[in-house]
Amino acid sequence: MLEKLNEIEKESLASLAAIEDESALETWRVANIGRSSPVMSVFSQMGSLSKEERPLVGQRANQVKVALEKAFAEKQEAVKQAALARSLATEKLDVTLPGRPVRRGRLHPATQNLRRILDILAEMGFQVYTARDVESDEYNFQLLNIPPHHPAREMQDTFYIDTGETDESRKQVLRTHTSPGQIRAMREFSAANPHNPPPIRIALPGMVYRFEQITARSEVQFNQVEGLVVGENITFGDLKGTLSDFVRRMFGQNAKTRFRASYFPFTEPSAEMDVECFVCGGKGCGICKNSGWLEILGCGMVHPDVLQNGGYDPKRYTGFAFGMGPERQLLLRHKITDIRYFWGNDMRFLEQF
Amino acid sequence: MKLPISWLKDYVDISGLEVIDLARILTSAGLEIDDIRFAGLPLPSRDDHGFKVSGIAWDREKLVVAEIYEVNPHPNADRLTLCDLFDGKDRHIVLTGAPNLYPYKGIGKLEKPIKVAYAKEGSTIYDGHADGLVLTTLKRAKIRGVDSYSMVCSEKELGISEEHEGVIFLDDDAVAGTPLVDYMGDAVLEVSILPNHARNTNILGLAREVAALTGRELKKPNLDAGLMSALGGQPVTDLVKIEIANPELNPRFTLALIRDVKIQPSPYWVQRRLRLIGMRPISNIVDATNYTMFEIGEPLHAFDYDVLVGRDSISPRITVDATNYAMFEIGEPLHAFDYDVLVGRDSISPHITISTRTATPGEKLTTLDGVERTLTETNVLVCDSAGPLSIAGIMGGAESEVTDKTTNILLEAAAWNFINIRRTANQHSLPSEASYRFSRGVHPALAIDGLKRCLSWMAQWSGGTIAPGIVDNYPLPPKEPTIEIRESDIRRALGIEIPLEQVKGMLERLEFKCDIQPVDNSILDDSNTQISNIEYLAVNPPPIRLDIGTGIVGVADVMEEIARVYGYDNIPETRMADPLPPQRGNISLEREERVRDILASLGLQEIITHRMTAPEIENRLLPSNNESSNIRNSIIEYVKLANYITPEKRVMRRSVLASVLNVVEKNARIAETMQVFEVGSVYIPVGGDLPLEPRRLSIAMTGKRYESAWDSKLGVKFDFYDLKGLVEGLMDALHLSVTYAPAEHPSFHPGKCAAVLLGDKPLGVFGELHPLVAENYDFVSPVLAADFDLEAILPLMPAIGHPVRPVSEFPPVLEDIAIIVDENLPADRAEALIRQTGGKMLESVRLFDVFRSEQIGAGKKSLAYALVYRSYDGTLTDKDAAGIRTRIIKRLEMEIGAKLRS
Ligand SMILES: [Zn+2]
């Protein structure tokens, strides 16, 4: 019996050594250490052995069983390691293949930039005031100090609405600027408290319209953002400080500004604010037309007539206003050469933002 | 407005300032310099000056004044001459083909040497024969057997103008050997003139700005200096009178007369300056009017006086009754007057009456550009007794134009209503240098200055004799405002402290009249006595400006002048000290932006389109086969543009969906998948009032549900349920508990269209486009679209926040049930019943299968739901779940005849 056990051990270990995969290993386990394996059957035959043999055989059978189990565990680990090594060696992806596409939604670049501007202004205390697109001549021009046939009307070619209206003030136009919102806001706020109207700090975003051919450089509609501040202690120095703060937020803390005298019918004094060209750093390049400066916004102290028209006494209140073109900023920042891309909505353009 | 530096120097000393410095100073004061063209003066040394610069600098050594002693024929070429010339040091024989030297060819030594611009060997100039501006350096060469190494130059070769017809003949004051750059080196600044800078449309005006901005003296020309020595003859006031019909349109009209002028070319320096400023020299008389206009800003008009006298003598001016009109009409007197007696009677009074009036509609005048113009009643005319002579302030008539034969000149200087001039110039498309100035407003005081200055130039350049006096009719002088400025006004507007004395100095440099005065004590009560010693500055604008208002507007206008002279850059930046205004926010915009964010987060691309369109473009939203577009046209009113750039953009849109579908069509072959949305206004006319501008949201999707990738070629395209999922996603994110109902809409497939409802309130409609609508477009795949009324949706969004359910910590019981129902039963009915019956314990219901088969039977379908039961209070047992399940199934059986599928 002991010899048989030795033989079992020898044969089992030999057959185990030849095994390389898990299924053969399982077969071996059933055959060699399973319930009906030779070594296990030795235990069941113990009863037929003599008293003297029994402890010896029992001890030996146990030794063989433990040895085989240990060998099995080792083999099992080895097979697992070998399988892992094989799979690591073979499961090699081309990591340069593209990933599966995920659809990304986007806001239109004009919306993105409009928001950026309004967010910065909001942090500076400017609240958004929105007004209508179709305006009366009175609000778009006359209340802003631009009477009929004023030279400034030629600065802004106007779309007129066909209403058959002959009364000049009631003629309708597509607003040429967001400035009529200044009057609407001032009138709304002052109406609530005519003798003591509240201070104002608003941003007026919106689409404006110009009667021009659509070319790479000119559009019939574009966004504008205006700011309006009215209060009892607002100065030209405040205008400069506020706009320079804005520009540093918008274009970086090193952005330099320059204020030049200019003309708008609804501000006096008026100014043009330039930002040092962020493409060439002021040295002169194609984007800044060699001037080193980019015209970013027009501004000025609110004209006394405009304050008056809004219900704010110009003897008590002063204010400043400014206006800028979000799409123009995008043209400059992204070196876009054709303004028609914005409302053209070619996906190949939009998907770049 | 072009500004030649040499001309500027007549009125202000700019020594120590480089051209670039000047450009910078003017630009910051509102006189933006667009570019600088050099014609002789050295170009700036550095290139980071920030201006667009072009042109040429003249080498001091190599380009000099020379004088030609003799012009000889070339031995081998008829068209060339050899000039014997002295350059201040040496004699040279210079070969030239200039036609204006031919007359001197072979006549021997010239009586008076011709002064020319001489380019020595090695000098760099423009090639006169090349197209455009090509630099060339003079090298020694043999031309037809004669040595050539230098040149006599034309204006083109020196970069002064395009002129290359002949060489320049300099004026007599040029001295041989003088570097050309010292004699006439120049640079021309292109200045943008703002609408309120009418005073600066002339060199003297710009010089005044330079003087004020740099603190230098303005050297104003002495207007009377050239007049006295040239006076003579009968005073003009005896000969001409002026009648003004409408002073509002013509506040002032003045005339002067100069006799015996000799029409000839102007001196070279005048021609050169005119060319530099962009005006073609014509003759001394015409040039004098133009030169004066550019010099001091008053446009002038020269009439041939003898033409006026001639017109007058055949005109029926002296007749007082109708019979003489008839005489001229039929050529036979009905009643004999002694005509000469009448003329004699008439000659006691002024011979010529110049009148200004508005045109009678249909009246005609041939302007000096040869075009016959038909006039309207708003056009103002300058007339004599025979009829119109010129369109006031814009262009003269051909008949009374100055010609080579003219000897006597009647010179007009006037003031016109700038609005009227602007309208007339636009109406006749007649922009001119005169109308450019008059349409911005020329102060009437300038008329006399203009006449005087022009007369003296004419006398100087033509040898004429000035008739004494000026005929002046000035019915409507402008108001002369006095503006009071206090130091506190400056502090209030600009935020800076400047003593009045300093302000006075600044404004006086711009020729304002300033006077520091004490505030009148009598208007102050006792409590204010401590400020009674405050002074104010009484300011009168100079008689060149119409842009300074009165009262508080005038204060603002003067404030701009103070700021400009002080320097915008010198005003310190401050942060607002005013209190923050009441914070109101903008709820509807915030909500609209929320909608945009949700849609972008759901994978949609935002688009923004033109808001102008055409009815036929929007009619594509309707099936192509019927007359619905005609019906739509008769129902839908548009906000129409009176002027439009193209018929496809002649109305304001009524549909955002139409805009969105245009974009889908445009991209159909560019993008295999598109999911886009636009938020924007539509425009609804409301009689004569301003239109309504309600906000709409439109969505469209088309193309492949899954984008093509290298390992999947799934060709499944978007269908109704893709869009519905998106709409559900949006409504869920907006926290709106909406329902969906089958809907009919002409744009959508009748079986694939749903309305989105909140209670009974419709929020929008969506579905697959009707095949006959899709046919109207060039689409590649079926298009799903949605159209929402944001005006309905935005107010429904929860203002504070939606309630959030707690999350249970107990395990769920999961169960699937499948029921067989009628095919026509809307699925949401079954789900609603399940939810209602399941109550609080039923955490979620998810439809996971819709199944039809023969086994189930025709007209039936199976709906399979995954149910999750869960309690907030404890672990549910299978028994608890079974109870709920039984109730659900009973309810489904009872209410919709459902059968449980085993
Ligand atoms: Zn640049």
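Which residues coordinate the zinc ion, and through which atoms? In this predicted model, the zinc ion is held by the SG atoms of A:Cys277, A:Cys280, A:Cys285 and A:Cys288, which lie at 2.2 to 2.3 Å. Along the chain, these donors of the zinc ion are arranged with the spacing C-x2-C-x4-C-x2-C. The geometry of the site is tetrahedral, the angles among the four donor atoms of the zinc ion being 101 to 112 degrees.

Attention then turns to the interface between the two chains. Here 104 residues of chain A are in contact with 97 residues of chain B, and about 8,500 Å² is buried between chain A and chain B, with carbon and sulfur atoms accounting for 55% of that area.

Polar and charged interactions were also counted across this interface. Between chain A and chain B there are 51 residue pairs in polar contact, in which both residues have a pLDDT of 80 or more, and the number of salt bridges between the two chains is seven. In one salt bridge, the side chain of A:Asp133 meets that of B:Arg611, with a distance of 2.8 Å from N to O.

On the side of chain A that touches chain B, the element that gives the most is helix α8 of chain A, which spans residues 236-251 and supplies nine residues.

Technical notes
Residues are numbered from 1 along each chain as its sequence is written. Chains are lettered from A and ligands numbered from 1 in the order in which they are written. This is a predicted model: local features need pLDDT of at least 70, side-chain atom pairs count only at pLDDT 80 or more; totals for chains, interfaces and linings use all residues. Side-chain values use heavy atoms; hydrogens and water are left out. Contact means heavy atoms within 4.5 Å. Buried area is the accessible area (1.4 Å probe) that two parts lose on being put together, summed over both. A salt bridge is a side-chain nitrogen of Lys or Arg within 4 Å of a carboxyl oxygen of Asp or Glu. A polar contact is a pair of N or O atoms within 3.5 Å; within protein, one must be able to donate a hydrogen and the other to accept it, and residues adjacent in sequence count only if both atoms are side-chain atoms. Helices (H or I, at least four residues) and strands (E, at least two) are DSSP runs, numbered from the N terminus. Donors are N, O and S atoms within 2.8 Å of the metal (3.2 Å for Na, K and Ca); water is not among the atoms, so sites may look incomplete. Four donors count as tetrahedral if all angles lie between 85 and 135 degrees; four count as square planar and six as octahedral if opposite donors are over 155 degrees apart and all others between 65 and 115; anything else is irregular.
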